[in-house]
Amino acid sequence: MAKTKNNTIKLKFDSARNLAPAPESRSAAKIDPQYNLFINGRFEKPSGKKYFASINPATEEKLSMIAEANDADVNKAVKAARAAYENVWKKMPGAERAKYIYRIARMIQERAREFAIIETLDGGKPIRESRDFDVPTAANHFFYYAGWADKLEYAFPNRHTSPLGVAGQIIPWNFPLLMAAWKIAPALACGNTVVIKPAENTSLTALKLAEIIQEADLPAGVVNIITGAGATGAAIVNHPDVNKIAFTGSTEVGKIIQRAIAGTNKKATLELGGKAANIIFDDAPLDQAVEGVINGIFFNQGHVCCAGSRLYVQESVFKEVVRKLKDRLESLIVGDPMDKNTDIGAINSKEQLNIINNYIKIGQQEGAEMYQSTANLPKRGFYCRPTIFTNVAQSNRIAQEEIFGPVLAIQSFRTDDEVIEKANNTPYGLSAGVWTDKGSKIFNMTTKLRAGVVWANTFNKFDPTSPFGGYKESGYGREGGVHGLAAYVNIV
Amino acid sequence: MATTEKRLEVLKTYKIYIGGQFPRTESGRYYLATNSKKEKLANICLSSRKDFRDAVSAARGAFGGWSGRAAFNRGQILYRIAEMLEGRKAQFVDELMKQDADKAQAEKEVNLCIDRLIYYSGWCDKFQQLFSTVNPVASSHFNFSNPEPTGVVAAIAPQENSLLGIVSLIAPIIAGGNTCVVLASNTKPLCAVTFAEVLNSSDLPGGVVNILTGKIAELAPYFADHMDVNATVYCETDAATQNMIKEKSALNVKRVVLYDKVKWNDATAQSPYFIMDLQEIKTTWHPIENIGGAKAGY
């Protein structure tokens, strides 16, 4: 008989982690040794003739060489987008635009497996997530916005819409294909043309999307996909013939962009960082809540701007929740992202791993108590054990700053008012989570939490029909749903 | 015998409006408001950075209460403001005429202000219905999006008119549940201060609207870079100021709203889109239980 005081049996997880490997096959995906820039419907060599390597963060092996676009290339792409806008796209009836966008959605679905494999190889996320979330949601996003293209007159009561022109779009490395879909689909539906730059670590699925766009016979120049790092992004932001900047990334870079376009008439939407509070009340179904917390912070290795990185647990269930979390942490499978059993894959890059490890050090130095899963990490590649901190103070850096990794800071609270105050005490306002069985309490919380997305008894859910975006320093503008159209039209 | 002695008029002291109080500027500074004939109208407070910061702190303090009120209640208070303005119409006509308007123009401006307040009073509990959505997500969740106020708004009123600009600016801001600090017209400040007295007698909680008088050039940078302000609104066409506001607002990712093409005496100067300029969309998710698989068949 097990004689633990709380009448539970100590769980053993070492066997649970030793499932037989179930690797996805690489053979269903084709990655070229070198990729060029997609400008005006053609793949073109970069004028600076420079290429950089894209590696697999799970193994550190080189996957491909990616073209680096310089100012001249950006200029060429913007010119192509302008010409396509003036001559073709803005004149095309919405119903015709719609059919092109539907085509793209369908082709992504047809090649879903290939996209999932490449997304995982290039970015390190578990194949289960790229297969079941990133790729289907990206296709759905195109499918959803395609249908808006001929219905814009219904979107804004008593107003007409007109497209903005050329949209310059810069997207992050955490959901490469999905973010491309979030940006391109509404822009095209509203009649704009696009110059988009994926993050330099994760260009491959965007370039595969370029292949689809070519196959779909989208008029040349309507979508231009150019690759490169910060300098390429800056060239897009500063190009005088771009009408709109859409950026997803860090708050730091978001502020630089807001400043850079201050002297222009460019419109902007910024989807920036976050430090979401996930709040568990004592009447919550605790096992579900723990599952939600795990999903909230460890989904995509915590590389999620809306990750539930601050956990607030009501005092009376604090110990129980932390114990359950530690147990659950032990059962997470960390390792090869291509393995279908893997829960936590590779950290996206060495730089990001260093940032995360630095915060883990800071958390310990600040006096917080750390607990990490005992999982063995692969010898090569960039990995981080799922990590939780207790004994965290509101002022600690791990409770204030976005870490963008699998690191959770846990604090306790007593009353509703106290936790509202603590949850809102951050410059960010992207998302929040609430766990309780009481409906009236849910709505008290969801209305008082200053965040753009609030998940009650769930977390990290996304849908093309559901607007997403931040309050305060988490940015402005929405992506998804009818509200997402406003980012890409003049309302007159 | 009745005498026709000339009675000495009591002059009004024009002060600023912060947190429901009428202090003088903490700086002790003033400027002289005149009409186009250079006749002296009043000594006006030349508000300082500290006045602005006090006003922001009053606006922040009032935000939770004001945004948490029932939308219907906000509508009633806006209606009450209109009632009070109607009752004091003569005073505003008089002030507008001192500031160069003829009688017909002055009456027209005050009437338009009253009507505009009634217009936005009605929107208080309606714009949400127009701009909210229930989103048909593809998973088993109930999901909806609705507008919520952006927060504390720092606004620089149109300079061309004394009353219409500031009323047209404030009404949609507070109808949407925001609180604000507003800088009145520099050259025509009288009605803004008197309008503060109207606000103060209209059940509007102190701190929801704070009105300063002073110089744009001096105060605009603070309006744009204060870290506890969520949005900046600017109604003039000066490009250098616009760019300065946009640039400084990046410090804490403020929303910047420029009303440089609005004709304030036109019907196009009022619409629910003015309210929506200072709203955030919040999306809420909750799972839908599905155990037995029963359908709503009847």
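Strand S5 of chain B, residues 152-156, is joined to strand S6 of chain B, residues 179-183, by five bridges, and the two run parallel. Within this pair, B:Ile156 stands opposite B:Leu183 of S6(B). Two strands count as paired if DSSP finds at least two bridges between them. Helices (H or I, at least four residues) and strands (E, at least two) are DSSP runs, numbered from the N terminus.

Please keep in mind that this is a predicted model, in which local features need pLDDT of at least 70 and side-chain atom pairs count only at pLDDT 80 or more, while totals for chains, interfaces and linings use all residues. Residues are numbered from 1 along each chain as its sequence is written, and chains are lettered from A and ligands numbered from 1 in the order in which they are written.

Let us turn to the whole sheet. In chain B, five strands in the order S7-S6-S5-S8-S9 make an open sheet with parallel pairing. Strands S7 (209-212) and S9 (255-258) of chain B stand at the edges, each with a single partner strand, so one side of each has no neighbour in the sheet. From one strand to the next, the twist averages 15°.

Which strands does helix H1 of chain B touch? Helix H1 (residues 49-68) packs on the sheet against S5, S6 and S7 of chain B, and its direction makes about 150° with that of S6(B). Helix H9 (residues 239-249) of chain B also packs on the sheet, touching strand S8 (231-234) and S9 of chain B, at about 175° to the direction of S8(B). Contact here requires C-beta atoms, placed from the backbone, within 7 Å. Axes are lines fitted to C-alpha atoms, for helices over the stretch in contact, and angles run from 0 to 180 degrees between N-to-C directions.

I come now to the contact between the chains. It takes 36 residues from chain A and 27 residues from chain B. On the side of chain A that touches chain B, the elements giving two or more residues are helix H8 (251-260), strand S18 (453-456) and strand S19 (475-476) of chain A. The largest share of that side, five residues, comes from H8(A).

Finally, which strand of chain B pairs with S18(A)? The partner is strand S10 of chain B, residues 279-287, and this pairing is parallel, over three bridges. There, A:Val453 stands opposite B:Thr283 in S10(B).

Key: Two residues are in contact if their C-beta atoms, placed from the backbone, lie within 7 Å.
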